[in-house]
Amino acid sequence: EMLKMAEEDGRKGVLMYGSRRISKALKNDEKLYYYDGSIRNIGDSKKGDIIIGGDGKPTTILGVYPQGEVDLYKISFEDGRSIVCCKDHLWEVYDLQADKMKTLPLKEIMKKYKYKRIHSGKKYKDGKDREKNCFNYYIPLLTNPIELNTYDIPFIDPYYFGLWLGDGSERNLTITNIDQPIIDHISNFSDENDLNFIQCGFSYKCTKKSGKFNKVWDIFKDKNLNENKHIPIECYNWSVEDRFNLLRGLMDSDGTVSNNGDISFCNINKNLIDGVEKLIRELGIGCKVFEKKGSYLKKDNTFNKYYLIRLYTDKKVFNLDRKLSRISSTNVRNYSKRNRTAIINIEYYGKDEATCIRVDNEDSLFLTTNSIVTHNSVVMASYLMRTLYTVRNAKCNVLGFTFNPDLKAITDYMQE
């Protein structure tokens with residue numbers, strides 16, 4: 001009532017103060033990316049921790065506010081990721097219908113994040129119209145590589161390792177490929193590591209010399225890579241260039257780009273696919289994983305399956321010129337998914353412990369689970385002074401509250 005009276009009276013500013021326990025929280029086991037390369041639960045975060053912001057750069061936690069047990073909701077995104085938060089948690093979103101960026105709590109997004117649209121039957125063989133879901137809110141993607149305070153030194157040449165993960169044998173250092181630049185790289189790698197370079201058809205093998213050890217394969221066995229292809233956790237703490245070279249090795253071997261610029265990586269190893277997806281996202285590249293039905297009929301009379309990662313980027317993710325030349329900066333489908341992904345479903349999750357944090361960067365964004373970009377909590381005074389105190393030397397109504405429900409009610413009113 002006091003705020004309404006202030007508006008009617010033509011006052012220009014409002015200041016509020018009081019206890020800060022307004023829930024804008026993530027579930028306690030959602031993740032934070034730390035500047036030292038570790039990943040920890042938001043429920044374990046502390047004031048002063050240095051984490052990664054929505055731009056991939058470090059930002060400091062200014063406040064941690066445990067919310068106790070609250071109602072939570074699961075948000076699913078078009079690119080296959082999901083996260084659990086409370087209905088008051090803030091999201092930086094692109095509003096498609098309004099054609100502008102907004103900062104909205106989940107409870108507002110829930111009202112109109114999805115709507116129906118009729119697609120004309122002229123596009124289909126049967127001529128029948130289709131009713132399809134359309135989505136109104138899109139969150140921004142991480143578009144820069146994650147920066148760390150220190151980087152691990154690669155245990156092996158990153159590009160060669162990517163080639164081996166894509167086209168190599170699980171039991172030895174044999175890589176099958178037909179591209180001369182890759183063959184030359186394998187040959188040079190053999191020389192640098194004092195190994196024999198042996199060709200057998202389209203396969204190229206690095207073996208130990210007489211009386212010597214194969215130190216490269218010993219490293220692979222030490223990393224548990226023998227018959228267990230995966231990306232070891234330390235690789236995500238390599239430098240940006242080393243991580244890109246690892247990705248380029250993967251893409252030059254098992255990646256492809258179509259004539260119209262669609263980029264993808266394909267493999268049957270789900271563990272490797274999960275690792276490659278993580279690598280791609282942490283390099284600031286949008287992607288989505290698809291499970292596909294294969295053509296091989298297994299003994300149990302079911303078809304095999306494989307996985308395809310679609311990449312949405314115009315960055316240099318290949319070394320091979322024949323692939324690199326096909327990357328298009330004008331691919332409309334690719335371009336629309338490079339910077340954002342749609343919220344496609346919101347459902348009640350249940351009650352659980354949750355925590356909100358506040359960070360010190362200008363856009364108030366930070367990275368959470370699976371490199372999802374989300375918004376921090378808003379401090380009462382700074383939020384109101386920024387948004388309401390718009391006229392210099394204006395007379396202000398000063399409203400003081402110390403009771404949590406009052407603070408929440410007045411903040412909800414301001415957001416609406």
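Q: What makes Arg-340 count as a charge over the ring of Tyr-138?
A: The charged end of Arg-340 is 5.5 Å from the centre of that ring. The label asks for NZ of Lys or CZ of Arg within 6 Å of the ring centre and within 35 degrees of the ring normal, and Arg-340 sits over the ring of Tyr-138. Lys-270 gets the label too, with its charged end 5.8 Å from the centre of the Tyr-307 ring.

Q: What kind of model is this, and which residues and atoms count?
A: It's a predicted model, where local features need pLDDT of at least 70, side-chain atom pairs count only at pLDDT 80 or more, and totals for chains, interfaces and linings use all residues. Residues are numbered from 1 along each chain as its sequence is written, and side-chain values use heavy atoms, with hydrogens and water left out.

Q: Which residues line the second largest pocket?
A: Arg-340 and Tyr-138 are both there, along with Glu-78, Leu-96, Phe-135, Ser-336, Lys-337, Thr-341 and Ala-342. A lining residue has an atom within 4 Å of a point on a 1 Å grid over the protein atoms alone; a pocket is an open set of such points with protein on both sides within 12 Å along at least five of seven lines, while in a cavity a 1.4 Å probe fits but cannot get out. This pocket holds about 240 Å³, a volume being the space filled by probe spheres set on points joined across faces, edges and corners.

Q: How many nonpolar, polar and charged residues does that pocket lining have?
A: Four are nonpolar, two polar and three charged. Ala, Val, Leu, Ile, Met, Phe, Trp, Tyr, Cys and Pro count as nonpolar, Asp, Glu, Lys and Arg as charged, and the others, Gly among them, as polar.

Q: Why is the pair of Tyr-73 and Tyr-348 called edge-to-face?
A: Their ring centres are 5.4 Å apart, with 70° between the planes. Rings of Phe, Tyr and Trp (its six-membered ring) pair if their centres lie within 6.5 Å, and planes under 30 degrees apart count as stacked, over 60 as edge-to-face and the rest as tilted. So Tyr-73, in strand E6 (residues 58-77), and Tyr-348, in E20, tie together parts 275 residues apart in sequence. The count of aromatic pairs comes to twelve.

Q: Are Tyr-73 and Tyr-348 buried or partly exposed?
A: Tyr-73 is buried at a relative accessible area of 15%, whereas Tyr-348 is partly exposed at 46%. Buried means under 20%, exposed over 50%, and partly exposed in between (1.4 Å probe, protein chains only).

Q: Why is helix H3 (residues 158-167) described as largely enclosed?
A: Nine of its ten residues are buried, so the rest of the structure largely encloses H3. Among the buried ones are Phe-161 and Trp-164.

Q: What about E21 (residues 365-368) and E22 (residues 372-375): how many bridges do they have?
A: Four, again antiparallel, with Val-373 as the bridge partner of Leu-367. In E21, Leu-365 and Leu-367 point one way, Phe-366 and Thr-368 the other, and all are buried. In a regular strand the side chains alternate between the two faces of the sheet.

How values were computed. Helices (H or I, at least four residues) and strands (E, at least two) are DSSP runs, numbered from the N terminus. Two strands pair if DSSP finds at least two bridges between them.
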